[in-house]
Amino acid sequence: MAEKEEERTAETVACSDEQEILFENILAEVRASNCKDKTRFLIDSVNDEIKDVMQAINKYGKDGQIKITLKFKCVQANEMLVSAEIEGKKPKGQATGTKMFRDLKGRLYLDDPNQMALFDKNNVRSIKR
């Protein structure tokens, strides 16, 4: 984490005071609060929120979204206060089930015990070249 902050500091120093601030600069410089009330750099918060939403999408098989809000507040004549908020909308619901099979005695299997196997699992050998 300290390495990332050092890299960002080096990037900031490389920018001149005359250079216009673009979105990628805002991502790297502005701190944001996310749904977990953590305040971090905006780019790190966005990356974490994407990861969380993708995991929920995989788990429930439903849609999700991320909303990034940038707020610009006038402090003085030409001075601005820039802040950001991230809100992830993760899908909710029951996790998709795991398909299993049972035999006549009530035991569970991942493969259908009534289906004939294509290969004997106990007799599989690796082929060396």
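A salt bridge here is a side-chain nitrogen of Lys or Arg within 4 Å of a carboxyl oxygen of Asp or Glu. I start with that because the pair Arg 40 and Asp 48 meets it, with N and O 2.1 Å apart. Please keep in mind that this is a predicted model, and that every value I quote is computed from it.

First, the overall layout. The protein chain has 129 residues, and buried residues make up 19% of them. Its secondary structure comes to three helices and six strands. Going along the sequence, the order of elements is α-α-β-β-α-β-β-β-β.

Now the sheet. Four strands form an open sheet with mixed pairing, and their order is β2-β1-β4-β3. From one strand to the next, the twist averages 30°.

A hairpin of five residues connects β3 to β4. Gln 65 has Lys 89 in β4 as its bridge partner, and Lys 73 stands opposite Leu 81 in β4.

What is the distance between the closest N and O atoms of Glu 87 and Lys 67? They form a salt bridge at 3.7 Å. Glu 87 lies in β4, residues 80-89, and Lys 67 lies in β3, residues 65-74, so this pair ties together parts that are 20 residues apart in sequence. Glu 87 is partly exposed, at 45% relative accessibility, and Lys 67 is partly exposed at 43%.

Next is Glu 85 with Lys 71. Their salt bridge has its closest N and O atoms 3.1 Å apart. Glu 85 is in β4 and Lys 71 is in β3, so here the parts tied together are 14 residues apart in sequence. Both residues are partly exposed: Glu 85 has a relative accessible area of 38%, and Lys 71 is at 40%.

How many salt bridges are there in the whole structure? The search finds four. Back to the pair I opened with, Arg 40 and Asp 48. Asp 48 is partly exposed, with a relative accessible area of 28%.

That brings us to helix α3. This helix covers residues 42-60. It has 19 residues and spans 27 Å from its first C-alpha to its last, close to the 27 Å expected at 1.5 Å a residue. Which residues of α3 are buried? They are Leu 42, Asp 44, Ser 45, Val 46, Glu 49, Asp 52, Val 53, Ala 56 and Tyr 60. When you read that list, recall that an α-helix has 3.6 residues a turn, so residues three or four places apart point the same way.

Ile 57 is in α3 and is partly exposed, with a relative accessible area of 23%. Ile 57 and Lys 90 are 33 residues apart in sequence, but their C-alpha atoms are 7.1 Å apart in space. Just after α3 comes Gly 61, with a positive phi of about 65°.

Last, the surface. Ile 50, Met 54, Ile 66 and Ile 68 form a nonpolar patch there, and together they have about 300 Å² of accessible area. Helix α3 and strand β3 each supply at least two residues of this patch. Ile 66, for one, is in β3, and it is partly exposed with a relative accessible area of 30%.

To sum up what to look for on the screen.

Key:
Residues are numbered from 1 along each chain as its sequence is written. This is a predicted model: local features need pLDDT of at least 70, side-chain atom pairs count only at pLDDT 80 or more; totals for chains, interfaces and linings use all residues. Side-chain values use heavy atoms; hydrogens and water are left out. Buried means under 20% relative accessible area, exposed over 50%, partly exposed in between (1.4 Å probe, protein chains only). Two strands pair if DSSP finds at least two bridges between them. Axes are lines fitted to C-alpha atoms, for helices over the stretch in contact, and angles run from 0 to 180 degrees between N-to-C directions. Patches are made of residues with over 30% relative accessible area and no salt bridge: like charges are joined within 9 Å, nonpolar side chains (Val, Leu, Ile, Met, Phe, Trp, Tyr) within 5 Å. Accessible areas come from the Shrake-Rupley method with a 1.4 Å probe; for residues, only the protein chains shown count as cover. The expected span of a helix is 1.5 Å times one less than its number of residues.
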